[in-house]
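Please find below some notes for a first reading of this entry.

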Amino acid sequence: MKRFASLFAELDASTATHSKLAALQRYYAEAPAADAAWATYFLAGGKPRQTVPTAALRALAAQRAGIAEWLFEECYQAVGDLAETIAHVLPAPARRSELGLAQWVQERLLPLRGAEPATQAAQLLAWWDELDAPERFLLVKLIGGGFRVGVSKLLVQRALAAHAGLDAKLVAQRMMGYTDAQARPDEAAFAALIAPAGEGRMAQGQPYPFFLAHALDVPREDFDARLGSPADWLVEWKYDGIRAQIVRREGACWIWSRGEELVTERFPEIVEAAQSLPDGSVLDGEIVAWKDGALAPFQRLQHRIGRKSLTKKILADAPVAFIAYDLLEAHGEDLRERPQHERRSLLEAVLQGTPLQFSPQVAGESWDALATAREQSRERRVEGFMLKHRDARYGSGRTKADGTWWKWKIEPLSVDAVLVYAQAGHGRRASVYTDYTFAVWSRAPRDAAEAQAVLDAIERREPAQPGALQLVTFAKAYSGLSDAEFREVDRVIRQTTIEKFGPVRSVRPSLVFELGFEGIARSPRHKSGIAVRFPRMLRIRADKPLHEADTLQTLEALLGVA
Amino acid sequence: MDLVVQRPEGLYCPPGDFWIDPWRPVDRAVITHAHADHARRGHGHYLAAAPAEGVLRERLGEITLQPLAYGEAVEHRGVRISLHPAGHVLGSAQVRIEHGGQVWVASGDYFVSGAGDDNRTCAPFEPVRCDCFITESTFGLPIYRWRPQREVFADIDAWWRANAAAGRASVLMGYSFGKAQRILAGVDASIGPILVHGAVEPLNEAYRAAGVALPATRLATEVKDRAVLARALVVAPPAVAGSAWLKRFGEMSDAFASGWMQLRGARRRQGVDRGFVLSDHADWPGLQRAIAATGASRVIVTHGYEAVMVRWLAEQGLQAGSFSTEYGDEEPA
């Protein structure tokens with residue numbers, strides 16, 4: 001645990017990729033394989049299920065620290081992270097543990113799951129007393145399933161590849177599924193990751209690392225100069241679903257999500273459809289909500305994913321389909337080095353005579369013509385276009401080394417909204433007000449004076465009269481601003497605070513933001529009757545007076561568009 | 001009668017007609033220590049602990065200052081005033097006020113650590129028995145527990161040593177008055193040369209003049225030799241972060257020494273390579289220990305987590321309240 005804690009401290013302290021890589025390599029050079037197996041699992045994003053409920057962790061820590069729950073809560077508000085709060089409120093340890101990470105996980109943490117609450121509490125108290133604050137922090141993170149560190153999976157793969165003298169892509173492929181929630185990585189699993197090329201046989205259902213697209217940040221007028229002719233690109237609709245690979249080998253079928261989770265059992269209708277694929281095929285594509293021969297809203301898919309068991313009713317209410325857009329393996333042969341257009345032809349051939357569909361290509365003479373076609377995105381329930389270069393190989397992760405996939409997404413819907421509540425963020429943003437609640441006017445104010453009267457009433461803490469002009473909350477957002485902008489907004493919030501409700505502050509409204517979102521729907525759960533999807537701040541509208549912020553009618557009008 | 005009350009100018013002693021660390025100009029001011037939020041210009045008369053004299057004059061220029069040795073008392077309008085070490089910085093004092101059979105103590109800022117450390121660059125905190133204790137609360141949350149100083153300095157030394165071995169300067173930022181001298185007195189000076197920023201050296205002189213042993217220091221601006229810079233520890237105020245002044249060191253590692261570095265979020269916001277948890281203020285156990293040692297039945301909390309501390313103290317059976325002050329706004333910690 002000590003070694004893993006000091007690795008974590010190094011990774012956490014540094015922002016430079018090269019020093020993170022060096023720290024990882026040093027760790028791999030020193031750590032026993034069993035520990036390295038688990039370290040790799042956690043660093044690459046593996047999360048075992050939570051073993052002790054959060055409420056129990058809080059109560060136990062407060063009890064051990066000899067403080068009341070309200071005081072623990074104050075500490076948590078200052079820190080912004082439960083594991084870190086616990087690490088610091090506890091008194092200094094009486095002794096120190098020399099156990100390695102693997103022993104900690106296998107002999108202590110995993111058996112803790114399902115144990116009696118009294119046993120869990122006794123164990124935790126004993127363990128806390130043999131770890132220093134950074135180690136306790138990690139322990140609680142691992143127990144709570146909230147471990148995160150500033151390294152990408154790609155970087156872990158690079159470090160392992162450098163450590164073992166392998167190609168990072170090979171390591172990436174071997175690592176697929178390594179971080180599955182059910183995985184129990186051990187020395188053998190770790191050895192298989194770093195075995196010499198050609199050895200370390202691939203597991204039967206092993207998928208390929210997903211090739212990820214980049215957001216297209218090229219101005220429209222520069223498309224010709226930067227992208228060349230549209231004829232060099234395969235243009236497809238960008239689906240709003242779950243990215244997945246279907247692996248069909250030796251008569252069996254596996255479905256992997258982009259999160260490297262094996263989700264085969266969740267999509268029986270896709271498994272059924274995949275039966276007709278020849279052995280040795282791997283498809284890349286999107287699982288989408290599909291009803292009556294057409295795309296259905298993403299919310300339905302979400303609804304289905306949220307269910308623990310798949311009842312007949314759910315299967316009937318929220319059917320899905322797989323739309324294939326790439327072929328990574330055919331007849332057992334890895335096709336990833338073949339150009340995009342060739343893989344595409346092979347894909348169409350392999351899908352012939354199967355019930356699986358492929359994503360149609362969109363033809364366009366010019367970028368202008370495509371831009372016009374892209375206008376249909378919302379009514380088609382897609383997010384815009386994917387542009388894939390004809391010659392692109394299928395890369396590994398978010399790289400442009402092998403060719404490029406661009407996401408040419410439609411502009412988000414947007415409204416100008418007023419900041420009315422703020423809450424401090426977590427982690428790096430703890431004690432900075434970064435999470436905001438936004439409101440629009442219930443109708444357009446007649447003029448600045450009428451709006452001002454509403455603001456004055458808010459400041460006097462007078463509740464709004466029914467039917468009178470008021471600000472109606474409709475969305476929360478916490479992303480989209482730079483650190484400098486957050487600091488500035490934080491300053492304004494502190495100056496304009498009216499009331500504090502625990503961690504939340506109400507403010508005298510003074511800031512207007514352009515708020516972007518991907519979708520909008522009616523929702524009885526929101527005061528405004530409207531819910532937006534992926535809201536985020538596009539910019540601060542310092543130029544916009546408060547009374548010119550948007551209204552409920554603006555949102556209603558967008559309901560029609562989206 | 002309350003011996004200290006809150007007024008717009010600052011904390012005021014009605015029977016003695018004087019102020020403690022006032023933030024607006026007044027006739028008579030008792031100054032607990034020379035940090036800018038406690039010692040301001042423009043008062044008629046200043047009373048402060050004798051070891052603070054050099055720094056106060058250096059910072060405030062021409063003032064009418066009456067230095068008072070720790071433990072000695074003066075009488076003013078029937079109020080007996082004495083100053084007692086607070087362990088915060090050179091010359092920092094708690095103000096003991098005795099009148100009409102009552103004793104009140106105003107702590108100013110002080111350092112007492114749960115780990116049992118003393119601040120070795122000044123006279124250590126001395127508990128003073130009183131009826132009412134006016135306490136700071138900068139780190140008044142149970143998450144603030146300082147590790148033993150030797151462990152922190154071992155970390156700083158190890159960081160410096162590794163940088164020196166790799167041929168890069170170690171720039172350690174900390175407030176120039178108090179923190180810088182704590183750092184200088186605590187590090188292993190045999191690791192390499194020690195350079196300081198121009199804002200730090202006059203304070204070093206004041207400490208040395210007061211008999212505090214500090215290792216030899218040179219002004220960073222006077223050293224051009226790359227080989228020296230590459231092995232050096234550079235002690236500088238936080239204001240140099242991101243400034244052109246840092247360019248002279250070429251490749252370097254930067255760090256920040258402050259109690260606030262206890263939290264990961266604060267470390268990451270600071271954007272430096274390392275954060276060392278080193279404070280001149282009491283940690284949570286230190287505050288509890290200091291308050292208990294006064295034997296006071298009434299406690300008034302000034303700056304920091306006032307509301308939390310007041311509620312906690314009330315739950316411990318003390319009569320607790322708070323003063324709203326203008327201390328701690330630009331507080332080094």
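1. A nonpolar core is a set of buried Ala, Val, Leu, Ile, Met, Phe, Trp, Tyr and Cys residues joined through C-beta atoms within 7 Å. Buried residues have 20 or more other C-beta atoms within 10 Å of their own, exposed ones have 12 or fewer, and partly exposed ones fall in between; the C-beta atoms are placed from the backbone. The largest nonpolar core here has 204 residues, and those that touch the most other members are V418(A), F438(A), L172(B), V234(B) and V235(B). A second, separate core has 51 residues, among them Y208(A), V247(A), V288(A) and A330(A).

2. On sources: this is a predicted model, in which local features need pLDDT of at least 70 and side-chain atom pairs count only at pLDDT 80 or more, while totals for chains, interfaces and linings use all residues. Residues are numbered from 1 along each chain as its sequence is written, and chains are lettered from A and ligands numbered from 1 in the order in which they are written.

3. On confidence, the model has an ipTM of 0.91 and a pTM of 0.73. For chain B the mean pLDDT (the predictor's confidence in each residue, from 0 to 100) is 93, and 98% of the residues of chain B reach 70 or more.

4. Contact here requires that the C-beta atoms of two residues, placed from the backbone, lie within 7 Å.

5. Chain A holds 22 helices and 20 strands. These are DSSP runs numbered from the N terminus: helices are H or I with at least four residues, strands are E with at least two. The C-alpha trace of chain A spans about 75 × 75 × 50 Å along its principal axes. Of the 562 residues, 38% count as buried. Among contacts in chain A with a separation of 6 or more, 73% join residues 24 or more positions apart.

6. Chain A is assigned three stretches: domain 1 (2-144), domain 2 (214-409) and domain 3 (413-561). Such bounds come from an automatic or database domain assignment. The C-alpha centres of domain 1 of chain A and domain 3 of chain A are separated by 37 Å. Five residues of domain 1 of chain A and seven residues of domain 3 of chain A take part in the contact. On the domain 1 side there are two nonpolar, two polar and one charged. In this classification Ala, Val, Leu, Ile, Met, Phe, Trp, Tyr, Cys and Pro are nonpolar, Asp, Glu, Lys and Arg are charged, and the others, Gly among them, are polar.

7. Chain B has domain 1 (5-144 + 281-322) and domain 2 (149-276). Their C-alpha centres lie 29 Å apart. In chain B, 17 residues of domain 1 are in contact with 15 residues of domain 2. The side of domain 1 of chain B that touches domain 2 of chain B has eight nonpolar, six polar and three charged residues.

8. Between the chains, 21 residues of chain A are in contact with 15 residues of chain B. On the chain A side, the elements giving two or more residues are α1 (2-13), α5 (69-79) and α6 (82-89). α5(A) gives the most, with five residues. By class, this side of chain A has 10 nonpolar, six polar and five charged residues.

9. L90(A) is in the loop between α6 and α7 (101-112) of chain A. Is L90(A) buried or exposed? L90(A) counts as buried because 22 C-beta neighbours lie inside 10 Å. Leaving aside neighbours within four places in sequence, L90(A) is in contact with A61(A), R64(A), A65(A), W128(A) and R136(A). R461(A) lies in the loop between α20 (448-459) and β14 (471-477) of chain A, and counts as exposed because it has 9 C-beta neighbours inside 10 Å. D21(B) lies in the loop between β3 (18-20) and β4 (28-31) of chain B, and counts as buried, with 24 C-beta neighbours inside 10 Å.
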